[in-house]
Amino acid sequence: MSLAFQESLFDAADDDIAPGPLPGAVRRTVLADGAWVDMVPGWVRGADALFARLVDVVPWRAERRTMYDRVVDVPRLLCMYGEGKLLPDPVLVAVKAALDAHYAPELGEPFVTAGMCLYRDGRDSVAWHGDRIGRSATEDTMVAIVSLGAPRSLLLRPRGGGGSTLRHDLGHGDLIVMGGSCQRTWEHAVPKTTRPVGPRMSIQFRPRGVF
């Protein structure tokens, strides 16, 4: 697959692709109703080189889903690595290990799945939602997202609207972790945009039984 995007001038060399430290780097924002968000800008060194590798090796697929009595195209490409499946790049193994080491004392379990989305341009998007299928419908949990490629806006708002919307422009190796009650009490989205934007990849690490 050929996708062109503007690489970061601060990206590391191809042989230095790795996650950075988490202790001391994580910035937590406490939200309402027991939710919180952790951020580490530029956490994955060499993220643009990793993006280029994953674009080629991941078996991306287009999906169609039923919405409002119609079958429509999902406006992004997808791939899912379920529990026990080999991740497509050793850097993602290192990313998962770093997340497990840092968050296991608070989460109480490891991350076991990796869902991947490829937003090819500003027409690709994901609507407002929370990851509320499975245990996260009733329990506090975490979803850790690593963003590669060009930055796109990830929006957060209280579930059902009615409150302030938070905006995070994520790309080039940024990490965001949504925890506590965030999946139940808040919603997130990547909206369409008419601005010229490059492709972005989202890699979502989740614990068992969270979708």
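Close-up 1. Helix α2, which covers residues 90–107, has 18 residues and reaches 24 Å from its first C-alpha to its last, close to the 26 Å expected at 1.5 Å a residue; the expected span is 1.5 Å times one less than the number of residues of the helix. The model is predicted, so that local features need pLDDT of at least 70 and side-chain atom pairs count only at pLDDT 80 or more, while totals for chains, interfaces and linings use all residues. Residues are numbered from 1 along each chain as its sequence is written, and side-chain values use heavy atoms, with hydrogens and water left out. Helices (H or I, at least four residues) and strands (E, at least two) are DSSP runs, numbered from the N terminus. A bend of about 40 degrees occurs in α2 at Ala101, and Pro105, a proline, follows within four residues; the bend at a residue is the angle between axes fitted to the seven residues ending there and the seven starting there.

Close-up 2. After α2 comes Gly108, with a positive phi near 85 degrees. The buried residues of the helix are Val91, Leu92, Val95, Leu99, Asp100, Tyr103 and Leu107; buried means under 20% relative accessible area, exposed over 50%, and partly exposed in between (1.4 Å probe, protein chains only). An α-helix has 3.6 residues a turn, so residues three or four places apart point the same way. Glu106 also lies in α2, but is partly exposed, with a relative accessible area of 44%.

**Close-up 3. The largest pocket and its lining.** The largest pocket has a volume of about 860 Å³. Of the 36 residues that line this pocket, Arg65, Arg76, Val126, His129 and Arg206 are the closest to its centre. On a 1 Å grid over the protein atoms alone, a pocket is an open set of points where a 1.4 Å probe fits, with protein on both sides within 12 Å along at least five of seven lines, and lining residues have an atom within 4 Å of a point. Grid points are joined across faces, edges and corners, and a volume is the space filled by probe spheres set on the points. Strands that each supply at least two residues of the lining include β5 (64–67), β8 (113–119), β10 (143–149) and β15 (200–206). The lining divides into 20 nonpolar, 7 polar and 9 charged residues, where Ala, Val, Leu, Ile, Met, Phe, Trp, Tyr, Cys and Pro count as nonpolar, Asp, Glu, Lys and Arg as charged, and the others, Gly among them, as polar.

**Close-up 4. Two loop residues with positive phi.** Asp33, in the loop between β2 (27–30) and β3 (35–40), has a positive phi of about 65 degrees although it is not a glycine. Asp33 is exposed, with a relative accessible area of 59%. In the loop between β12 (166–170) and β13 (174–180), His172 likewise has a positive phi, near 50 degrees, in a residue other than glycine. The relative accessible area of His172 is 23%, and this residue is therefore partly exposed.

Close-up 5. Gln183, in helix α3 (residues 182–185), counts as buried at 3% relative accessibility, and its side chain reaches the backbone nitrogen of Asp131 at 2.7 Å. In strand β7, Cys79 is buried, with a relative accessible area of 7%, and its C-alpha is separated by 6.7 Å from that of Cys117, 38 residues apart along the chain. Met39, in strand β3, counts as buried at 12% relative accessibility; Met39 and Thr29 are 10 residues apart in sequence and 8.2 Å apart in space, C-alpha to C-alpha.

Definitions and conventions. A polar contact is a pair of N or O atoms within 3.5 Å; within protein, one must be able to donate a hydrogen and the other to accept it, and residues adjacent in sequence count only if both atoms are side-chain atoms.
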